[in-house]
Amino acid sequence: MFGKRKKEEEGGEKGLFERLRQGLSKTRGSLAGRLDRLFLGRKEITQELLDDLEEILFTSDIGVATTQGLIDSVQDAVSRKALRDPAMVKDALKEQMLSYLHVPPIDHPLPAAGEPHVVMVIGVNGVGKTTTIGKAAHRFKSEGKKVMLVAADTFRAAAVEQLVIWGERVGADVIRQKSGSDPSAVVFDALSAAVSRKVDMVLIDTAGRLHTQKNLMEELQKIRRVAGKKLPGAPHEVWLVLDATTGQNAISQAQIFNEALGVTGIVLTKLDGTAKGGIVIGISKQLGIPIKFIGIGEKLDDLRPFNAEQFVQAVFE
Amino acid sequence: MFESLTEKLSDVLKKVTGRGRLSEANIQDALKQVRLALLEADVNYKVVKRLVEDIRHRAVGQEVMGSLTPGQQLIKIVNEELTRLMGETREGLHLIGRPPHCLMLVGLQGSGKTTTAAKLARFLGRQGRHPYLVPADVYRPAAIDQLKRLGSQIGVPVYPTDSDRRPEDICLDALSRAGREGADLLVLDTAGRLHIDVELMAELERIKEKCRPHEILLVADAMTGQDAVNVAKSFDEALDITGVILSKMEGDARGGAALSIKAVTHKPIKFIGVGEKIDALEPFYPDRMASQILGMGDVLSLIEKAQAEFDQQEALKLERKLRKNTFDLDDFLVQLRQMKKLGSLEQILGMLPGMGQLKKLKQFKPDERELIKVEAVINSMTRQERRNYKIINASRKRRIARGSGTSVQDVNRLLKNFAQTKKMMARFAKKGYFNMSSFLG
Ligand SMILES: Nc1nc2c(ncn2[C@@H]2O[C@H](COP(=O)(O)OP(=O)(O)O)[C@@H](O)[C@H]2O)c(=O)[nH]1
Ligand SMILES: [Mg+2]
């Protein structure tokens with residue numbers, strides 16, 4: 001069941017796009033489907049249309065501020081007579097969303113020659129950090145890289161075992177100590193091992209914690225510091241994993257984790273449910289952190305790079 | 001973000017002006033902000049829509065209470081409506097019939113089922129139950145291991161199995177083994193699944209079929225967004241859940257999902273998870289949730305204080321009048337209105353020593369219709385009559401009855417009751433029993 005990997009390269013752009021759409025079909029079924037239905041057969045821009053539009057945006061978890069921003073910009077354009085019919089409203093929305101989603105990548109240091117690229121994965125409990133690491137490891141392995149997983153979630157019962165199973169699945173080394181040990185010590189040792197084993201990518205799994213727990217945030221900062229001491233520049237990237245089912249709190253999570261640790265990219269998981277993923281738009285707009293990957297299932301190849309054009313395309317077409 | 005919205009709401013509330021009553025016009029802007037605050041708290045769009053209409057309906061025309069501003073009065077109504085929707089009272093587990101009893105936990109991936117299973121086992125263990133943890137998540141790597149660890153941490157037996165078996169077989173076998181393990185309560189930890197996953201939902205139905213759990217509890221993340229209603233509805237339709245446990249409540253989520261889930265399933269929220277520690281499980285109190293969703297705890301406690309102060313002032317006024325024996329029909333009317341809020345006069349007096357024999361006051365427990373009648377009668381009196389009921393002779397009574405659309409008997413009954421009350425109250429006031437403020441404060 002696992003490891004039966006679809007070859008992405010083969011289908012080229014179109015194949016990838018098709019699968020993205022498939023993965024997002026639930027999102028489509030609601031947000032896009034409803035938007036399509038909304039605009040279908042309407043000749044005039046009425047208040048009713050705008051109200052319905054507002055409902056669609058709100059129920060997609062896009063959030064109060066962003067929804068109001070989108071509606072205002074449409075309303076504004078309508079009153080300037082820049083938008084004359086519903087089809088133009090749709091295009092304008094698409095464009096506006098795209099502009100929100102177009103976030104420049106955040107600069108991060110690159111590893112020195114012969115040193116591994118280190119990624120630290122963080123997020124609240126149960127969002128899919130460990131699973132994302134498994135899937136990402138699979139992705140990097142298929143790019144021909146040597147991957148190492150670091151079990152720095154020493155808190156949750158059997159979290160280490162969970163990562164070990166993923167390591168076996170994808171064929172990556174897992175560095176672990178016994179449960180309850182100091183996570184930054186695990187990371188320190190792992191980075192030594194990574195250098196000597198000539199690993200290309202190191203993925204650090206951390207314990208889930210609510211962003212409001214100060215002491216746990218400090219633990220993450222310590223991991224960060226220790227990694228940097230061992231390998232200057234490490235961790236080169238910090239991925240924040242967010243669950244697409246989460247509502248407006250995702251923004252608070254992103255804000256607080258970002259302040260504490262400097263997030264370089266977001267992984268948005270569980271887009272295979274019926275959650276609309278609208279939160280992506282709000283987060284990009286409000287925080288300026290790019291979305292790196294999306295998770296669309298629990299299998300090995302259910303992690304896809306996020307591409308704003310394709311995302312909006314998949315949402316609208 | 002939340003802060004700014006709450007601030008905005010507070011600002012708008014200050015602008016709700018006008019004396020006396022709330023009107024459609026003066027609450028318009030405030031209601032808009034209330035709506036946005038609820039949406040920001042992740043209350044489902046449709047639920048918000050209904051709620052705001054209910055609030056508008058109730059608010060328009062309502063009198064503004066004593067020391068409250070009109071804006072505060074509106075928030076009071078919003079809070080009351082939220083509380084009503086949330087369910088007024090707390091509901092526990094219904095574990096009846098012959099043990100072993102069976103609890104089944106279901107939910108999306110990552111909602112916190114496994115941890116909650118252990119928490120429940122601990123919670124119920126402390127109430128003298130003998131729990132048995134059953135790991136039925138055969139999909140997530142190391143999920144069974146996780147429950148085993150948690151079980152050994154809290155000294156609760158865990159059904160031994162591996163992930164090669166079917167979940168329904170695991171559960172059923174565990175049920176038959178429970179007795180031998182000395183257990184009287186099973187907690188089934190099922191795998192997380194998407195509510196749209198037909199195959200996996202069918203698996204839950206099979207477990208239900210075979211084990212006939214006494215409680216099927218949906219474990220939902222307090223941070224869930226608009227999708228909470230779809231998730232809850234699907235699980236409820238498939239399994240007819242008996243309640244909900246909200247996890248991760250210790251964060252800064254406003255928890256609108258709680259309200260939405262309650263509104264669409266009508267199933268009670270029974271517990272909340274407030275931390276990663278196994279002890280961090282608490283019974284759920286709906287009224288507290290209501291104020292959290294609104295995010296206006298400060299305003300609400302102000303309102304509470306104002307209300308208490310108001311009541312106390314009224315009580316003090318009454319007490320003074322009783323002492324001076326100037327209690328008149330106007331006061332009587334105020335008093336009757338207050339009783340609705342404070343409980344019956346009988347209850348109030350019952351709190352005083354030596355009041356046991358005041359059975360006669362029972363007839364004063366006003367129901368809404370009676371109160372309207374009494375109000376009408378008193379309103380048809382002249383000011384003089386209200387000050388001094390003794391001047392009300394037969395012809396005045398006829399006039400009052402006509403004016404209030406009641407009968408002379410009604411007027412007579414009221415006057416008799418009033419006279420009796422006044423006499424009794426005066427007597428107790430003199431004895432110093434009647435210190436109302438002491439039991440209101
Ligand atoms: N449907 C779905 N489930 C996911 C996805 N990513 C993770 N999960 C599931 O979410 C649950 C929690 O994941 P886990 O990696 O243990 O979360 P962590 O606590 O953040 O490490 C597991 O059951 C995963 O299989 C996804 O993209 N879609
Ligand atoms: Mg994990």
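This is a predicted model: local features need pLDDT of at least 70, side-chain atom pairs count only at pLDDT 80 or more; totals for chains, interfaces and linings use all residues.

Student: In what order do the eight strands of the open sheet in chain A follow one another?
Tutor: The pairing in this sheet is mixed, and the twist averages 25° from one strand to the next. The strands β3 (173–175) and β8 (303–305) of chain A each have a single partner strand, so they stand at the edges and one side of each is left without a neighbour in the sheet. The order is β3-β2-β4-β1-β5-β6-β7-β8.

Student: Which residue of β4(A) is the bridge partner of Val118(A)?
Tutor: Strand β1 (residues 117–122) of chain A pairs with strand β4 (residues 201–206) of chain A in the parallel sense, over five bridges. Within β4(A), the partner of Val118(A) is Val202(A).

Student: Which strands of chain A does helix α8 touch?
Tutor: Helix α8 (residues 183–196) of chain A packs on the sheet. Its direction makes about 165° with that of β2(A). The strands it touches are β1, β2 (147–152), β3 and β4 of chain A.

Student: Which element gives the largest share of the side of chain A that touches chain B?
Tutor: The contact takes 33 residues from chain A and 32 residues from chain B. On the side of chain A, the elements that give two or more residues are α3 (47–59), α7 (159–170) and α10 (249–261). The largest share, four residues, comes from α7(A).

Student: How many residues on that side of chain A are charged?
Tutor: The residues of chain A that touch chain B divide by class into eleven nonpolar and 15 polar. The charged ones number seven.

Student: Which helix gives the most to the shell around ligand 1?
Tutor: Ligand 1 lies between chains A and B. Of the 22 residues around it, the nearest are Gly128(A), Lys129(A), Thr131(A), Gly295(A) and Gln109(B). By class, the shell has three nonpolar, 13 polar and six charged residues. The helix that gives the most, with three residues, is α6 (residues 129–142) of chain A.

Student: Which residue of β3(B) is the bridge partner of Pro135(B)?
Tutor: Six bridges join β2(B) to strand β3 (residues 185–190) of chain B, and the two run parallel. In β3(B), the partner of Pro135(B) is Asp189(B).

Student: Why is β1(B) described as largely enclosed by the rest of the structure?
Tutor: His101(B), Leu103(B) and Leu105(B) point one way from the strand, while Cys102(B), Met104(B) and Val106(B) point the other way. Strand β1 (residues 101–106) of chain B is largely enclosed because six of its six residues are buried.

Methods:
Residues are numbered from 1 along each chain as its sequence is written. Chains are lettered from A and ligands numbered from 1 in the order in which they are written. Two residues are in contact if their C-beta atoms, placed from the backbone, lie within 7 Å. Ala, Val, Leu, Ile, Met, Phe, Trp, Tyr, Cys and Pro count as nonpolar, Asp, Glu, Lys and Arg as charged, and the others, Gly among them, as polar. Two strands pair if DSSP finds at least two bridges between them. Axes are lines fitted to C-alpha atoms, for helices over the stretch in contact, and angles run from 0 to 180 degrees between N-to-C directions. A residue is near a molecule or strand if its C-beta atom, placed from the backbone, lies within 6 Å of it. A residue is buried if 20 or more other C-beta atoms lie within 10 Å of its own, exposed if 12 or fewer, and partly exposed in between; C-beta atoms are placed from the backbone.
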